[in-house]
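Work through the exercises below with the model open beside you. Try each task before reading its solution.

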Amino acid sequence: MTYSISILPGDGIGVEVIDATRPLLDDAAHAGGFELETTRYDWGSERYLEAGSMMPDDAIETLEPYDAILLGAVGHPDIPDHVTLRGMMLPIRKAFDQQVCKRPSVLFDGVESPLRGYDGGDIDFVVYRENTEGEYADAGGHEHRGYPHEVAVQTAVYTRQGTETIVRAAFEAARSREGRLTNVTKSNAQAHGMVFWDEVVEEVSADYPDVTVERLLVDAASMDLVRRPDEFDVLVASNLFGDILTDIGAIVSGSMGMAPSANINVEGHSPSMFEPVHGSAPDIAGRGIANPLATVLSVSMLFDHLGESEVARDIWRAVESQLADADAPRTPDLGGSATTEAVVEDIRARL
Ligand code: NAD
Ligand code: IPM
Ligand code: MN
């Protein structure tokens, strides 16, 4: 069996965590008895500064044939974020219909939460984030600028197909876990999209009598992710709300540097993309101290998606074993002083 994987390191610590994690892919192939064909594309902000675009014109055609995409992070302090992200990462999620974004938050044994009173395993939930429309749809957005009464219009779009796809994926996940789903919306203020979303959840719930559904407004959900993160199992939310909830999920389970994600093309006709939840972190970039575990865990999710579940589990377990080991190397976000590379080397030794 041969899998093809395109690697997009991107910018800042994205490049650091991807380049450090790269050898782990070959270890995984060796352990799993399959072949990998990988290609690294140096797209991103440096390219933008030199050539005026983040990716070449045929980037989507170039990525289409791959079995999966591994992405680092995108974002540069000298270029507006809407230019870089709309030039590289967001168009990939859209072009390949990566409608389902799966983002687990796990407090591992040996990791300290900034919240008091939680031990390893206490926090273990997954957010299903709608990933290609909602508040990121960009349809019909426009501005009337340069007048005393300037206006900028940003629309949100919820299609039946998109909403049902993420909601069904979340119900399936809940069914395979503890059978509890939290539906996060803002139906008290957003009477069109969010009320429609709630109705879709209600309808789909009829097919999942074994799943209990709880409804929370996004402000209260944000509060409860801090107050009682141990009580959540699966959460489902729109694009923007899912984005915000997953940064909260990352930090309550220890660090932005440990949160992985999968952007899944459910129908399987185009590649899915795996990436850490964090960004390019200009505040620590260039120092070799970024935590690579979010990327390592994203690689585990990548192999799981390709059907190599044993290898995926072994990588996940190597991370668990490293974090449970008080003598193992840790990056500064976890209270240690190790480098990105030292952490990956230690993971490789545990595989
Ligand atoms: P960020 O996630 O880059 O950083 C937030 C904080 O978390 C920073 O203090 C950073 O040092 C820390 N952090 C993040 N990843 C870490 C890691 N692996 N190890 C240790 N600490 C880590 O978010 P930001 O500062 O809001 O954004 C920086 C840039 O990244 C912006 O240009 C933003 O648009 C972009 N961004 C890109 C993505 C992506 O490509 N998927 C995601 C988020 C932000
Ligand atoms: C993420 C990021 C992106 C998002 C940004 C950089 C556009 O925050 O992947 O969480 O909002 O999806
Ligand atoms: Mn985010």
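**Exercise 1: The neighbours of β12**

Strand β11 (residues 260-264) and β12 run antiparallel and are joined by four bridges. Strands here are DSSP runs of E with at least two residues, and helices are runs of H or I with at least four, numbered from the N terminus. Two strands pair if DSSP finds at least two bridges between them. This is a predicted model: local features need pLDDT of at least 70, side-chain atom pairs count only at pLDDT 80 or more, and totals for chains, interfaces and linings use all residues. Residues are numbered from 1 along each chain as its sequence is written, and chains are lettered from A and ligands numbered from 1 in the order in which they are written.

Solution. 
1. Turn to β3 (residues 68-73), which pairs with β12 (residues 272-276) in the parallel sense over three bridges.
2. There, L70 has F274 as its bridge partner.

**Exercise 2: Burial of β12**

Task: which residues of β12 lie on each side?

Solution. 
1. Side chains in a regular strand alternate between the two faces of the sheet.
2. One side of β12 holds S272, F274 and P276, the other M273 and E275.
3. All are buried, so both faces are covered. Buried means 20 or more other C-beta atoms within 10 Å of a residue's own, with C-beta atoms placed from the backbone.

**Exercise 3: The whole sheet**

Solution. 
1. Ten strands form an open, mixed sheet: β2-β1-β3-β12-β11-β4-β5-β10-β8-β9.
2. β2 (35-40) and β9 (212-217) are the edges; each has a single partner strand, so one side of each lacks a neighbour in the sheet.
3. Neighbouring strands are turned by 20° against each other on average, direction ignored.

**Exercise 4: The shell of ligand 1**

Task: which residues come nearest to ligand 1?

Solution. 
1. Of the 23 residues around ligand 1 (C-beta atom, placed from the backbone, within 6 Å), G75, G257, H278, G279 and N291 come nearest.
2. α1 (13-32) and α4 (81-87) are the elements that give two or more residues to this shell.

Methods: Axes are lines fitted to C-alpha atoms, for helices over the stretch in contact, and angles run from 0 to 180 degrees between N-to-C directions. A residue is buried if 20 or more other C-beta atoms lie within 10 Å of its own, exposed if 12 or fewer, and partly exposed in between; C-beta atoms are placed from the backbone.
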